[in-house]
Amino acid sequence: MSDIGTKGSAKRTLTSVLPSLRPKRKHLRKYSWLPDVFRIKGSIISRIFWPVTTNTLFATIIAYAWHNGYRIMLTNSVVPLLSVVVGLILVFRNGSSYDRFWEGRKCFATVISNVRNLSRQIWVNVALPPSDQDDTPSKKGKAPVPTASQLHRIKSEALHLCLAFPFALKHYLRGEDGLSWSDYHDVLPKNFARFDEVGYQKSKSDLTTSYHTISNKSSGRSSPDLGRGDATKRVRPKRSKQNLPSQSTPLLSDAVTHRTVEFRPFADDNSLPLPLIIAHEISRLLFYFRREGLLETVGPAGMNAMNALVQSMVDNMTAMERVANTPIPISYGIHLKQCVTLYLFALPLTLVNDLGWMTIPIVTVVAFTFMGIEGIADEIEMPFGNDPSDLPLDRYCHDLKEEILYIIERLPDSGEGIYGYDDGEGDD
């Protein structure tokens, strides 16, 4: 009984101590109402200020004319008919725009998920053959099996290629060509070719198509003419597109590597988006891993799963390309603005006889409501740009970059550092 009492008191003491050891829960974000009501930054007010002001001035003119004895009015049966039509059009407009915004977010999230999964599988499952199979001499014409350090470097480049896909996709959707953007600096592998400015073909002396880095300074060649048009196919630029890159050619090294690839300017108009080139190189690396026996731990099923992830990345890129390349028809937007304007200009003519000078604030509030809904829909229908209301693609890519670099720098690969699980029972 004493033991039971001792255990009970210890349990009560532990229970009383545990709450103080638990981390305190962070306070939930307070629901704000008045701060948002008076908030200008991030709202639609700056976008619709002048159209609303125009309707307010028109209502002021009507009220002033009524005050001076002019009876300019419409029957009240006109406005209800217009209000129903305008309301339905605004609801459809706002819903379709948000569907485009949400589809872009889902597709980009799927790309990030695929990059995470593919990077983890490459980092863990790509490994050297077992030691009992490594003693056999290499077959004639077959490249020797890479060493552990070489394989680690190749896998690092593979993860950088996976990371580069969403970065290239972001610039592709924004219509930003080239590899001269500053966020490519430590994302793309250093030996990645400048596919967007120069082409490459197989050398007659060496049929291997490996990566290459070229420097205009060291080679003495003049840079290709970049003014003959876009080297890669791009979607329609957004209104907030930045035409000039923030940094020039950060990927070029000071010396030419020893790769045997002949570079030449594009001789025709054929092109390929940079994300598809990166996906192509990832698939080539997966083929290399499988051919050299570096994917024996997962077999053909694992190889197919990795290829399926690459295919899903391309599929979601095509879905986002569809959103970016298919804006809402301009005739629809024009007609909506015309209907809203007609309704707002007819509203003071029907209210002035009953409300007098109060027509002015009422028309201002109605115009703010209707034009605000249309302005929000217009802002979010193209979600891949640099506007404040667009998707924060830069932050998504930066967060993913931190994750992939953490894997490369800190996490063990291919069974390194794995030890047996100690269940506390000791050896048998």
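Helices here are DSSP runs of at least four residues, numbered from the N terminus. One of them, helix H10, spans residues 359-380 and holds glutamate 374. Keep in mind that this is a predicted model.

Let's start with that glutamate. Glutamate 374 counts as buried because its relative accessible area is 10%, and buried means under 20%. Setting aside neighbours within four places in sequence, glutamate 374 touches Leu90, Arg93, Leu336 and Lys337. Two of those names come back in a network of salt bridges that links Arg47, Arg93, Lys337, Glu374, Asp378, Glu379 and Glu381.

How many salt bridges turn up in the whole structure? The search finds 16. Side chains of opposite charge can pair when their charged atoms come close. Here are some of the pairs:

| Pair | N to O distance |
|---|---|
| glutamate 157 and arginine 153 | 3.2 Å |
| lysine 170 and aspartate 183 | 2.6 Å |
| arginine 174 and aspartate 394 | 3.4 Å |

Glutamate 157 and arginine 153 sit in helix H5 (residues 148-174), four residues apart, or about one turn of the helix. Arginine 153 is partly exposed, at 42% relative accessible area.

Lysine 170 and aspartate 183 meet in a salt bridge.

Arginine 174 is buried at 6% relative accessibility, whereas aspartate 394 is partly exposed at 40%.

Definitions and conventions. Residues are numbered from 1 along each chain as its sequence is written. This is a predicted model: local features need pLDDT of at least 70, side-chain atom pairs count only at pLDDT 80 or more; totals for chains, interfaces and linings use all residues. Side-chain values use heavy atoms; hydrogens and water are left out. Helices (H or I, at least four residues) and strands (E, at least two) are DSSP runs, numbered from the N terminus. Buried means under 20% relative accessible area, exposed over 50%, partly exposed in between (1.4 Å probe, protein chains only). Contact means heavy atoms within 4.5 Å. A salt bridge is a side-chain nitrogen of Lys or Arg within 4 Å of a carboxyl oxygen of Asp or Glu.
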